[in-house]
Amino acid sequence: MASGTSAAPAGPDPAAGAGTPAERPAQERHVPILLERCTEVLAPSLAHEGAVSVDATLGMGGHAEALLDRFPRLRLVGVDRDPQALALAGTRLARFGERVTLVHAVSDDLPDVLDDLGLDVVDAVFFDLGVSSLQLDEVDRGFSYARDAPLDMRMDQTRGITAADVLNTYSHGDLARILKNYGEERFAGRIASAIVREREREEFRSSARLVELVRANVPAATRRTGGNPAKRTFQALRIEVNDELAVVQRSLRSAFSRLAPSGRLAVLTFHSLEDRIAKTVLRELSTSSAPPDLPVVPVDALPPGELLLRGGVTADDVELAENPRAASARLRAVLRRPLDDFEGRNGSPGSLRDPRGPSRDRGRRRTVTDGPGRPDDPHRTRNDRDRRTGGTDGRTQG
Ligand SMILES: C[S@@+](CC[C@H](N)C(=O)[O-])C[C@H]1O[C@@H](n2cnc3c(N)ncnc32)[C@H](O)[C@@H]1O
């Protein structure tokens with residue numbers, strides 16, 4: 001089992017690609033990872049009448065479908081930055097009718113998405129980070145180094161810069177920085193120099209030339225071990241093109257800020273960099289401001305969150321045998337403390353301002369593509385929810 005905190009992309013590498021025909025339906029294109037555990041950890045906040053859940057990375061809709069099946073009155077807001085994924089998930093989830101609203105957006109836009117839908121708070125938010133099997137397996141998306149393809153790698157092909165743009169325009173310093181920081185590539189400087197040299201001869205357009213360049217610029221011993229030496233470069237480019245790490249950091253905080261008391265946030269990560277961010281953010285949300293030696297934490301110093309699944313959950317051997325893509329997955333979760341925990345305290349419990357920092361993509365277009373505009377009681381406000389919720393809702397801290 002990969003730990004999710006290792007130095008390099010762990011486990012069988014998804015970017016090796018698998019080759020899936022374009023016509024296959026969503027359910028055949030992506031096997032939802034840790035499905036049972038994800039459903040279990042969110043379940044206590046979703047059993048009541050009027051519950052609303054957000055899938056902030058809808059993908060092929062596998063996790064969303066499981067929640068909608070299990071909770072027949074649940075309403076779900078499904079967000080994805082990839083219009084192709086939304087279209088496929090929309091077909092898969094069509095049988096749930098108005099219980100589902102699909103929104104084309106990046107997950108750090110969630111507060112605006114919820115405002116547009118008239119939702120002040122929601123009961124659960126789920127993130128299944130990274131790329132889907134659809135994106136990896138479609139050759140022309142350019143995520144896989146296994147087959148020659150245009151160097152695109154955008155999760156949303158309607159906007160933004162491509163991997164080819166990065167390779168052809170970034171300075172040597174910036175290339176070396178992203179290869180080192182986002183790919184944890186030991187030979188970042190050497191590969192960046194080769195890229196700058198080679199693009200003088202001819203611009204980069206497709207993946208095979210980049211794969212060959214990386215192979216030629218790492219020591220022979222590295223070539224022989226640890227799979228394709230280009231995998232770290234591909235991971236770095238993908239993260240840069242989609243601004244993945246900054247987006248995850250903003251998204252987790254802003255999603256937590258819109259959880260109802262007793263609401264839950266769960267996040268599945270797939271490599272050490274995003275897992276470190278998830279671990280840090282969830283820990284901050286769950287750490288008291290009281291001095292550690294106090295025998296009892298005063299109500300005023302209670303953190304807004306309570307960590308669930310301490311240390312995270314990874315796939316078991318049965319799942320790994322069926323789905324090697326689960327090898328690097330780690331599930332983490334946090335509970336928004338119920339109001340009971342804050343009895344006697346003035347003001348709202350652990351209220352957070354919208355923590356989104358400036359985004360290079362601010363003002364991105366958002367499109368509600370399916371279902372009703374207001375998937376929940378339009379009169380429901382944060383205060384209504386505060387009055388209704390309470391109790392520990394089966395907390396599973398461990
Ligand atoms: C691993 S897949 C999700 C799979 C899904 N849970 C399922 O069972 O089918 C990740 C999806 O999230 C989308 N995605 C990744 N990061 C995102 C973000 N920050 N905002 C919105 N969508 C994102 C990708 O486009 C991709 O479709």
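The residues of the shell around the ligand divide into 8 nonpolar, 10 polar and 4 charged, where Ala, Val, Leu, Ile, Met, Phe, Trp, Tyr, Cys and Pro count as nonpolar, Asp, Glu, Lys and Arg as charged, and the others, Gly among them, as polar. The structure is a predicted model, in which local features need pLDDT of at least 70 and side-chain atom pairs count only at pLDDT 80 or more, whereas totals for chains, interfaces and linings use all residues. Residues are numbered from 1 along each chain as its sequence is written.

Of the 22 residues around the ligand, those that come nearest are T57, G59, M60, G62 and S107; a residue is near a molecule if its C-beta atom, placed from the backbone, lies within 6 Å of it. At least two residues of this shell are supplied by each of helix 3 (62-70), strand 2 (75-80) and helix 13 (244-257), helices (H or I, at least four residues) and strands (E, at least two) being DSSP runs numbered from the N terminus.

The protein chain as a whole comes to 16 helices and 8 strands, and 49% of its 398 residues count as buried. A residue is buried if 20 or more other C-beta atoms lie within 10 Å of its own, exposed if 12 or fewer, and partly exposed in between, with C-beta atoms placed from the backbone. Among contacts between residues at least 6 apart in sequence, 76% join residues at least 24 apart, two residues being in contact if their C-beta atoms lie within 7 Å.

In helix 2 (residues 35-42), the buried residues are R37, C38, V41 and L42. Seen down the axis of helix 2, these buried residues fall within an arc of 125°, so they line one face of the helix, the arc being that of the directions from the helix axis to the C-beta atoms. The buried residues of helix 2 pack against strand 1 (52-55), helix 3, strand 4 (122-128), strand 5 (259-269), strand 6 (305-313) and strand 7 (330-336).

M153, in the loop between helix 6 (133-137) and helix 7 (163-169), is buried, with 28 other C-beta atoms within 10 Å. E184, in the loop between helix 8 (172-183) and helix 9 (188-201), counts as partly exposed, with 18 C-beta neighbours inside 10 Å.

L273 lies in helix 14 (residues 272-285) and touches Y182 and L245, not counting residues up to four places away in sequence.
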